[in-house]
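User: Hi! Could you walk me through this one? I'd like to begin with what "buried" means here.
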Amino acid sequence: MTPLTGFLLVAALLFAIGLAGALTRRNAILVLIGIELMLNAANLNLIAFWRYGPHPEALTGMMFAIFSIAVAAAEAAVGLGLVISIYRHAHTTDLDMMNRMKG
Amino acid sequence: MSVVFYILAAMTIAGGLAAMLLKNTVHCALAVTVAFSGLAFLFLELDAQFAGFAQILVYVGAVAILVVFAILLTRGSETPKDSVYSKNWLAGLVIAAGVFAVLGWAVLQSAAVLPHETATPTVTVLDIGNALMTRYVLPLEIVALLLTVAMIGAVIVALHEKTEAQ
């Protein structure tokens, strides 16, 4: 097993864990954490391909990962703001209880 | 494959699993911090120092604190009486297992054609700064705008509603 294969398998497993969490947990904050785990797994793929790819001095994968981290941070801030707003309105963060689109 | 890689991979996967399996939400937030740290160390293991330290600053520093704040503000730290999993948890688990099977199969099938350069890339922070200010200056400005908009948007969304609106 080459090093790149190992990193890709770790990223795939982390992505699957995040996906399972996002699909099965009831707490909205934990669903957001699952999404963050999936984004991080993608970042690990980008960095691994940058490291073992043919032209690391072009910095393509590295830049992609850095911008991805910045966008994920913005996503987390807005997502948690939305969760707090919904909690104020519905007094719950349980996704199974949120079954109305009308306030 | 070095021993360090196996230790860091185990730490990351264990943190991720604990974050998705534990009942107490605060424990989940702490476990996901472990997973984020493990990823940062994996980045350092991949000779991506800048990305590794950015990961520590952004995720272990900012996002983890943000998640803990959100949990405490929403009383999510109370463990619910009934299950912490959704009613259709089996479907989610099957979908995730299927995705992992497909991804793992694709990675193992293409192992022979994947690149495997062994030379350590010599990329300094100066190179990254130069690239950010020349070739990637437009994406950098867009990300700056996005972060500003996200910050203002998050504050406005989470602001108190007017009581007269109810």
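Analyst: Happy to! A residue is buried if 20 or more other C-beta atoms lie within 10 Å of its own, exposed if 12 or fewer, and partly exposed in between, with C-beta atoms placed from the backbone. Helices are DSSP runs of H or I with at least four residues, numbered from the N terminus. This is a predicted model, where local features need pLDDT of at least 70, side-chain atom pairs count only at pLDDT 80 or more, and totals for chains, interfaces and linings use all residues. Residues are numbered from 1 along each chain as its sequence is written, with chains lettered from A and ligands numbered from 1 in the order in which they are written.

User: Thanks! How many residues of α1(A) are buried?
Analyst: 16 of the 22, so α1(A) is largely enclosed by the rest of the structure.

User: And what does α1(A) span, end to end?
Analyst: Helix α1(A), residues 3-24, reaches 32 Å from its first C-alpha to its last. That is close to the 32 Å expected at 1.5 Å a residue, where the expected span is 1.5 Å times one less than the number of residues.

User: Switching to the two chains: at what angle do α2(A) and α2(B) pack?
Analyst: About 5 degrees, with their axes 11 Å apart. Axes are lines fitted to C-alpha atoms, over the stretch in contact for helices, and angles run from 0 to 180 degrees between N-to-C directions. That makes the two α2 helices roughly parallel (under 35 degrees; over 145 is roughly antiparallel, 65 to 115 roughly perpendicular and the rest oblique).

User: Which residues meet there?
Analyst: Among them are Leu37(A) and Leu44(A) on one side, and Val32(B) and Phe36(B) on the other. Contact requires C-beta atoms, placed from the backbone, within 7 Å. Ala, Val, Leu, Ile, Met, Phe, Trp, Tyr, Cys and Pro count as nonpolar, Asp, Glu, Lys and Arg as charged, and the others, Gly among them, as polar.

User: What about α3(A) and α3(B)?
Analyst: They pack at about 5 degrees, with axes 10 Å apart, and are therefore roughly parallel. The residues of their contact divide into 19 nonpolar, one polar and no charged.

User: Last topic: is Leu59(A) buried or exposed?
Analyst: Buried, with 21 other C-beta atoms within 10 Å. Leu59(A) lies in the loop between α2 and α3 of chain A, and its phi is near 65 degrees, positive in a residue other than glycine.

User: And His91(A)?
Analyst: His91(A) is exposed, with 11 C-beta neighbours inside 10 Å. Its phi is also positive, about 60 degrees.

Terms used: Contact = placed C-beta atoms within 7 Å.
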